[in-house]
Amino acid sequence: MLYGARLSRRSDALRNRTAIIEAASAVLGGPGSSRPIPEIARRAGIGQATLYRHFPDRNTLIVAVIEHHLAQVRDAAAACTDLRPLLREVLHAQIAMRPLVLLAERLAAPERRRIEQHLVTAFAEPLRHAQQQGLIRADLTPADLLLLFTMVRSAAESAGDAVAAADRSIDLLLHGIAPAGSFGLQDRH
């Protein structure tokens with residue numbers, strides 16, 4: 001009986017952690033909330049004390065949400081057969097979740113670099129594969145992808161219509177990473 005209770009607590013804790021991360025992703029990645037922690041707890045169906053037992057501070061929660069999204073990117077990249085649609089999807093997700101991206105930018109430099117390294121690592125193999133197939137210019141490095149993310153984010157932030165600016169900049173960037181002489185835009189919407 002004691003053994004069964006322990007497993008139940010562990011599964012409850014795992015379920016609570018998953019619910020918190022999903023709720024935090026929606027709250028932190030969406031339109032601003034003046035009280036994000038209470039809103040996250042409410043959406044997760046738990047009390048604030050439970051949330052703080054899992055994530056003792058806001059930065060720990062932000063990092064967990066980002067790591068959750070990075071795991072999804074890693075899984076998608078591992079199954080990727082064509083880099084451009086994946087890159088388009090991730091770039092659009094970056095724009096859709098601008099509030100979370102802004103929170104990530106405020107993290108301490110070592111944490112930001114670790115997150116960036118995870119992103120670069122996730123794209124390294126799909127990029128190499130696309131280059132071998134001649135779909136992506138040979139001189140593009142995985143680290144260059146961070147520059148692409150920054151360029152799209154800057155275009156969206158500087159325009160009145162962030163989504164339209166992001167769409168246009170993504171199209172231009174995908175065209176720019178195609179090998180010389182090809183347009184590489186057949187994967188548009």
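Ala 130 is found in helix α7 of this predicted model, in which local features need pLDDT of at least 70, side-chain atom pairs count only at pLDDT 80 or more, and totals for chains, interfaces and linings use all residues. Residues are numbered from 1 along each chain as its sequence is written, and side-chain values use heavy atoms, with hydrogens and water left out. Helices are DSSP runs of H or I with at least four residues, numbered from the N terminus. With a relative accessible area of 2%, Ala 130 is buried (under 20% relative accessible area, 1.4 Å probe, protein chains only). The C-alpha atoms of Ala 130 and Ala 178 are 9.8 Å apart in space, at a separation of 48 residues in sequence.

Helix α2 spans residues 36-44, and its buried residues are Pro 36, Ile 37, Glu 39, Ile 40, Ala 41 and Ala 44. Just after α2, a positive phi of about 75° is taken by Gly 45.

The packing of α5 was examined against two other helices, α9 and α8. Axes are lines fitted to C-alpha atoms, for helices over the stretch in contact, and angles run from 0 to 180 degrees between N-to-C directions. The axes of α5 and α9 (residues 162-177) come within 10 Å and cross at roughly 150°. This makes α5 roughly antiparallel to α9 (angles over 145 degrees). The axes of α5 and α8 also come within 10 Å, with a crossing angle of roughly 45°. The crossing of α5 and α9 is right-handed, as is that of α5 and α8 (the near helix is turned clockwise from the far one by less than a right angle).

The largest pocket holds about 680 Å³ of space. Of the 24 residues that line this pocket, Gln 94, Val 101, Ile 115, Leu 119 and Phe 149 are the closest to its centre. A pocket is an open set of points on a 1 Å grid over the protein atoms alone, where a 1.4 Å probe fits, with protein on both sides within 12 Å along at least five of seven lines; lining residues have an atom within 4 Å of a point. Grid points are joined across faces, edges and corners, and the volume is the space filled by probe spheres set on the points. At least two lining residues each come from α4 (58-78), α5 (83-96), α6 (98-105), α7 (109-132) and α8 (144-158). The most are given by α4, with 6 residues. By class, the lining has 15 nonpolar, 4 polar and 5 charged residues (Ala, Val, Leu, Ile, Met, Phe, Trp, Tyr, Cys and Pro count as nonpolar, Asp, Glu, Lys and Arg as charged, and the others, Gly among them, as polar).

Definitions and conventions
Buried < 20%, exposed > 50% of the residue type's maximum accessible area, 1.4 Å probe, protein only. Parallel < 35°, antiparallel > 145°, perpendicular 65-115°, else oblique.
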